[in-house]
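Try each task before you read its solution.

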Amino acid sequence: MLAYLIRRLFAAAVMLVVIIMVVFGIFFLVPKWAGVDIATSFVGKQADPAAVQAVREKLGLSDPIFIQVWEFFKGIFVGRTYSGGGDVTHCAAPCFGYSFRSEQAVWPVLTDRFPVTLGLALGAAVLWLVLGVAAGVLSALKRGSLWDRGAMVVALSGVSLPIYFTGLLALAIFSYGLKWIDGQYVPLSESVGGWFGGMILPWITLAFLYAAMYARITRATMLEILGEDYIRTARAKGLTEQVVIGKHAMRSTMTPILTMLGMDLGALIGGAILTETTFSLPGLGQAVLNAIKNQDLPIILGVTLITSVAVLIANLVVDVLYAVIDPRVRLS
Amino acid sequence: MTTQRTSGRRKQALAAAAVVAGLLTTAACGGGDSDGSKNGAAGFDAANNKVAQASLAKKGGTLKFGGAQDADSWDTTRGYYGFAWNFMRYYSRQLVTNKTSAGADGAKVTPDLATGLAKITDGGKTYTYTLRDGVTWEDGKPITSKDVKYGIERVWAQDVLSGGPTYLKDFLDPDGKYQGPYKDKSADHLGLKAIDTPDDKTIVFHLPKANADFEEVLALTSASPVRQDKDTKAKYTLHPFSSGPYKFASYSPGKDLTLVRNDAWKQSSDPVRKAYPDKITVKFFSNANDLDQRLINGDIDLDLNQTGMSPQGRTVALKQHKGNLDNPVSGYIRYAVFPQSVKPFDNVHCRNAVIYGADHVSLQTARGGPVAGGDIGTNMLPPSVPGAEGQKYDPFQIAGANKNGNAAKAKEELKACGKADGFSTTIAVRNNKPVEVATAQSLQASLAKVGIKAEIDQYDGSQTPGIIGSPSNVKKKGYGIIIMGWGPDFPTVQGFGLPLWDSKYISQSGNNNYALIKDKKIDGLFDQYVNTLDAGKKTEIATEINHKVMEGGYYLPFTFEKFINWRSDRLANVYTTDAYSGMYDFVNLGLKSSK
Amino acid sequence: MTELSKTGAAVSEPVGTSPAPTSFLEVRDLKVHFPTDDGLVKSVDGLSFKLEKGKTLGIVGESGSGKSVTSLGIMGLHTAGQYGRRKAQISGEIWLDGTELLSADPDHVRKLRGRQMAMIFQDPLSALHPYYTIGAQIVEAYRIHHKVDKKTARKRAIEMLDRVGIPQPDKRVDSYPHEFSGGMRQRAMIAMSLVNNPELLIADEPTTALDVTVQAQILDLMRDLQKEFGSAVIIITHDLGVVAELADDILVMYGGRCVERGPAEKVFYEPRHPYTWGLLGSMPRLDREQQERLIPVKGSPPSLINVPSGCAFNPRCPYADLPKDNITRTIRPELAEVSTRHWAACHLTQEQRERIWTEEIAPKL
């Protein structure tokens, strides 16, 4: 188990370095191939040659990518020092650098925005897990019924409708129209009720999409499990139907669901870009979208790293969890 | 009550249905506000070039801005967005600034930190100001002439503080001899020779060459004082040290910004700012539709960006809340420009052929029509700039006889160009501006009718300066037609047209003279302009430069841009100003209630 | 087989609809039909038999003959947990120790399941829940019907595992099904079934998934356990060899109906139905040469939607043309007593069958 974990963590570290290199590559090499000098997009309308040159130096456009990646990781573990134009700044570890645009240190941006995204992802996950699994189980037990067909139509629409559509619809109805919910983000530290009010629509919107997927998966898995011999055995023992479904069938159904949940949460932690954009939630997804628009590499790198770490950890947790849930699985 | 609610809900259902139908319009709230009342909206265009509800402004309250975009920088030296300059007046003062009046009068310069306008001597090469008594920083210390000098010196530190306008540097030290305060070896870092500070109250500017717009440039926020011990260099944007009536309380880039009263500021020291509200908040939205809806709902008082509402919000607002809207001229001209390096646009007749061949009404429609898009542009000087003639000057009959295109005339010009059968070219357009793409398509369609085959190349809009700002790249890609827009940095022909039309401004990167105009007459007129101190004469020269540009056929203007801006019922003392291209003048906005 | 001849009363004549039987288990005219898109599948179509405590009934037939459906019908598992799907249509009577199960309260039947009647399934790997330990599954089975604490139940589970011959039961109780070998799993399954001392044990192909040596061990175990517990046992199999060792009586099913039934020795030594002959012919026997050994029943099992008219076996029967007037294809033969407590459903005359058996079939076996 320990050897397994060490091996996995090592692989994850290699993966992270590769991911960061790819981001650097996209940022620096692609414009170069397109024959565009990206430094000019950082100096405003009146391009001063000194400014362009300074930006080139600041962005490290002259350094090879390997050096830049090395500096980046060095900054995270031991900090790094920036100098340019007589301005020397030491950035203590964990140093993710400074935003090219707003000049703020990236690490506080990440730590400031992370709770928003985490709150969004976890809250939505609770909702979609409860709703999706309940709807899926009910559909499976009432297969072919009106409920089943109705639920699956709703689920299909949930899967196919984009967030910015359902999100705007939710806002239009509940926030602008009926005015039941304000729908503007309020930090949890300011007001619990306000936070809840700001998060409920994003939760519902995000949960709608995922609940739909989870309902479909739950239904299919449950139907498959209900056909298993060991379910018949459970009934043959004289177990009540509640125990047969709630214990024996659910235990097996939850395995793929938990795997999915782990992966989805991992991906969402990196930022639910569409949801955060639609609801103007100041989370990581909004930050990274803005950063991409503004070519703000340090923010992009920071969020990418967090996302990658989250996904890799989620993968690991899912694998370990799998071994816990399913005794047939061995970690090796 | 019950019935009303039911009908409201039914309305919601209808609105939801409209959304489902793909309109994605935000739901219409059933608010029946009575327009024109004291507590209600002032009426359509009530604040356009005039002051609305000035007497209703009360001290106190929280003024709420919302924005889809944060400033490029809140550092007075580095910001270049018009709304940022406008907003900076809350926390920064200048020697002189634009008048806080509506319309054209707002473009005039008035004393701020200085006791009066400049004493100009030495044939327009020396400007002397005296600072007022009682002007202070947010910690109560007095603002000195050295602080003003230091703030201006920061413009030279382009290697650290890039992004802002560099007029001050161009005017005071065109050869770039000074290295900026950070590389300044002198003990006080005040080594810039062009500025003298004989005492804490006096500041003297020595221009190597006279420039008639120097005082206009001093009115830009990039001439704000900065105190050396508070200069955090690149990070100054995160918390600029206030010299104005408000100071930074908190700022998270892209999230929110809160200003609170600067208690050290004294009304008696400031002839310009009224400082009505107690607090000013800005919230950033990543969804422009959401922002518009918040404006309509009254959660937000006005749009920080002042670029007009999005099409959906605009439609709803025009139908139901017209009294909250103003429809000012933005100062921007939207146009197509023809780089002479790309054949056959080296020939004026081929350029003229495009101008005649275009359907100008269709281009105006693509921009949003007469209300949201603006009047058909007939020449290249924005109506807010002195010397502009508006649609009265229309050498190509763009808004007149040829407004739907004149194919016969276009073919005539093609023949004169030696391309009787037409030619092929490429239209370059930013991919992140749907409206510009629409104009490109309109142009493509009308040009096809006269035999000009134009392909549209949508390039990465975030890379604009690197792509169309590089003349070699433009030539390589064969961009014969570039779709762009331009607004004045300050409302004079120099503030608008110098980077676009003067041959000295052609550069290999970040170029703005896309047409590559090398006209000795135009260069000469600009030289003459900067040496002219008489306002009437300046205006004449501006008119003449505009005529020369139009006669060259370098540009096809689309619109004199107009936009639709929202002001909430709560706002008082609202007016648009030419100083900031038709935006509301932020600094003196007041609220009707201090709540 | 010696016990069989002593009492010899496991099977009696076909019953009508008289109430309150005296037998421990009595099935009367059981019909289990499944509606499908293609039509009504008549998996069991009129089956009757009796079984006494301490006796073993072997139900034999090809797959699809209705034997498993019968056992699930007795257990009440066609109605429990049938969600949304078109439900099975069941008619007839199933009397267990004086209670008619089909008309009884489903929850009452549930309480009988696992307690009074238990079942052993064919493939113990798929029939045991992969995520729970063997012990937990046995404990669960015990605690449904006994209000005891977990410790007591666990002790009981270990005792049962020991009883079915699992070595180190106190350790193996915490193993998962996949950690057991096939034979061990089936022993565990048996332990689980017997944990509540059921009076009726139904074993559905208990050895099919196992290899030959293990099969023998399991059959030995079942025989021993039956002696010890004194339960009534139904063994369902397609393999006559299995029932040969265990059953007192044998019931041969074909196309959802009983075609021959009687004491095991009669069915083995004086079978009176051509289908039984076929089964006997396909039975592997260790004392025969490989190539002679298997005489499969030619053709495939009948469709249960469109059952052949007349005798359901007629398309595969080599003697279908012997009776007059083509009656094998028009009239369905009823069960008729061919000797004491031995019934067969065939249009051939007694003499014909005796002759064919002694002259044509028996010598080849």
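**Exercise 1. Find the buried residues of α11(A), then work out what covers them.**

Step 1. The buried residues of α11(A) are A:L284, A:G285, A:Q286, A:A287, A:V288, A:N290, A:A291 and A:N294. A residue is called buried if 20 or more other C-beta atoms, placed from the backbone, lie within 10 Å of its own. Helices are DSSP runs of H or I with at least four residues, numbered from the N terminus.

Step 2. Helix α11 spans residues 284-294 of chain A, and because 8 of its 11 residues are buried, it is largely enclosed by the rest of the structure.

Step 3. The cover over these buried residues includes α4 (106-141), α10 (273-278) and α12 (297-325) of chain A.

Step 4. Just past the helix, A:Q295 has a positive phi of about 55°.

A note on the source: this is a predicted model, in which local features need pLDDT of at least 70 and side-chain atom pairs count only at pLDDT 80 or more, while totals for chains, interfaces and linings use all residues. Residues are numbered from 1 along each chain as its sequence is written, and chains are lettered from A and ligands numbered from 1 in the order in which they are written.

**Exercise 2. Which chains touch, and what does chain B bring to its contact with chain A?**

Step 1. Of the 2 pairs of chains that touch, A and B have the most contacts.

Step 2. Chain B and chain C share no contact, and their closest C-alpha atoms are 33 Å apart.

Step 3. Between A and B, chain A gives 47 residues and chain B gives 48 residues. In chain B, α1 (2-20), α6 (288-297) and α13 (464-467) are the elements that give two or more residues to this side.

Step 4. Sorted by class, that side of chain B has 24 polar, 17 nonpolar and 7 charged residues. Here Ala, Val, Leu, Ile, Met, Phe, Trp, Tyr, Cys and Pro count as nonpolar, Asp, Glu, Lys and Arg as charged, and the others, Gly among them, as polar.

**Exercise 3. Describe how domain 1 and domain 2 of chain B meet.**

Step 1. An automatic or database domain assignment sets the bounds: domain 1 (34-68 + 287-328 + 565-580), domain 2 (72-275) and domain 3 (330-562) of chain B.

Step 2. The C-alpha centres of domain 1 and domain 2 of chain B are 29 Å apart. Their contact uses 12 residues from domain 1 and 11 residues from domain 2.

Note on methods. Contact = placed C-beta atoms within 7 Å. Buried ≥ 20, exposed ≤ 12 C-beta atoms within 10 Å, placed from the backbone.
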